[in-house]
Amino acid sequence: MTFSRELIERFARTQRVAVLTGAGVSAESGVPTFREAQTGWWAQFRPEELATPTAFRRNPKLVWAWYVWRRELVAKAEPNAAHRALVELEQRVPGFTLITQNVDGLHQRAGSRDVIELHGNIARTKCFDEDVVIERWDETGDVPPRCPRCGGLLRPDVVWFEESLPADALARAFKCSAACDLFVCVGTSTVVQPAAELPFHALAQGATVVEINPGATPLTRRAHHVLAGAAGDVLPALLRVLPKVP
Ligand code: BV8
């Protein structure tokens with residue numbers, strides 16, 4: 001894979017990078033992306049039909065079982081070369097913020113330090129009624145299990161469709177997108193709002209925008225640099241040609 005001199009020089013002189021990742025970054029860890037067809041028994045459902053409070057109220061057992069299946073899949077997954085390249089990039093540039101839509105925690109497991117999780121984390125559980133994180137509960141056989149504090153249903157601590165994103169995480173993400181001089185958008189279909197607004201916000205503030213994705217997205221025609229390929233190939237290749245830390 002080759003990169004333009006202009007792109008390499010752009011990375012060499014950046015003072016502040018913001019990166020937005022989506023499910024495509026975890027694809028090479030074996031975690032299916034949102035837009036890919038789900039596998040096995042879950043193939044009969046679209047994620048947008050399950051990842052909502054309405055779906056949970058209607059069929060809590062089904063939605064809880066979907067997250068148990070996904071948690072087990074994520075627990076078996078390992079960070080891939082893309083996650084590791086982003087850890088390396090963080091060490092190579094003066095200022096770096098990683099904003100992720102992913103709920104799999106793979107960036108943190110790879111060693112990324114400053115991660116803004118816009119959509120929560122599948123490994124955490126919270127009470128549906130009180131909206132507080134619950135660390136331990138009695139396994140009474142109830143599915144979903146019950147909150148030990150109020151008896152309400154437990155749910156994954158992720159942001160469902162029709163739910164607002166954590167205000168502090170979202171505010172920080174917009175602030176970093178406005179303050180960066182280089183915005184790298186990796187492995188996201190740039191469809192789900194308000195996260196999808198971030199690269200356009202960076203663009204409007206004068207940042208150079210780079211997109212890494214094997215496919216086209218609504219961002220592709222606006223990005224300054226489009227690197228068409230898998231994150232696990234493109235990011236390590238890019239790190240190999242960028243100047244090492246002086
Ligand atoms: C909200 C957690 C206010 C759960 C997820 C306008 C403004 C505001 C809201 C809306 C709006 N228009 C519509 C809405 C509503 C909605 C929305 O955006 N809908 C979409 C479908 C149009 N937004 C919301 O509801 C948000 N809440 O705005 O609150 C509000 C309040 C009340 C009523 C309305 C609004 C909440 C959104 C968060 C939903 N939760 N996840 C869970 O995981 O179970 S979103 C989910 O999609 C994941 O987080 C995922 O990351 C995210 C985005 O998808 P991607 O990451 O991009 O993944 P995707 O599969 O789409 O694409 C993968 C990409 O990777 C592809 O481009 C592919 O080409 C590429 N790829 C594949 N392989 C590779 C690769 N790239 C690189 N390397 C590879 N190897």
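The largest pocket in this predicted model holds about 870 Å³ of space. Its lining comprises 49 residues, and G22, A23, T33, F34 and N102 lie nearest the centre. Two elements, α2 (24-27) and α5 (60-76), each give two or more residues to this lining. Helix α5 provides the largest share, 6 residues. By class, the lining of the largest pocket splits into 27 nonpolar, 15 polar and 7 charged residues.

The second largest pocket has a volume of about 160 Å³. Among its lining residues are E117, R124, K126, D131, R155, D157 and E163. Strands β4 (120-127) and β5 (154-158) each supply at least two lining residues. Here the count is 3 nonpolar, 2 polar and 7 charged.

The whole structure contains 4 aromatic pairs. Two of them are tabulated here.

| Pair | Centre distance | Plane angle | Class |
|---|---|---|---|
| F56 and F128 | 5.0 Å | 45 degrees | tilted |
| Y67 and W160 | 6.2 Å | 50 degrees | tilted |

F56 is buried at 0% relative accessibility. Y67 is buried too, at 2%, and W160 is buried at 1%. F56, W66, Y67, F128 and W160 make up one aromatic cluster.

Arginines also meet tryptophan rings. The charged end of R70 sits over the ring of W66, 4.5 Å from its centre. R71 lies over the face of W64, 5.4 Å from the ring centre.

Conventions: Residues numbered from 1 in each chain as written. Predicted model: local features only at pLDDT ≥ 70, side-chain atom pairs only at ≥ 80, totals over all residues. Heavy atoms only, no water. 1 Å grid on protein atoms, 1.4 Å probe; cavity = no way out; pocket = protein on both sides within 12 Å on 5 of 7 lines; lining within 4 Å. Points joined across faces, edges and corners; volume = space filled by probe spheres on them. Helix = DSSP H or I, 4+ residues; strand = E, 2+ residues; numbered from the N terminus. Nonpolar A, V, L, I, M, F, W, Y, C, P; charged D, E, K, R; others polar. Phe/Tyr/Trp six-rings, centres within 6.5 Å; stacked < 30°, edge-to-face > 60°. Buried < 20%, exposed > 50% of the residue type's maximum accessible area, 1.4 Å probe, protein only. Lys NZ or Arg CZ within 6 Å of the ring centre and 35° of its normal.
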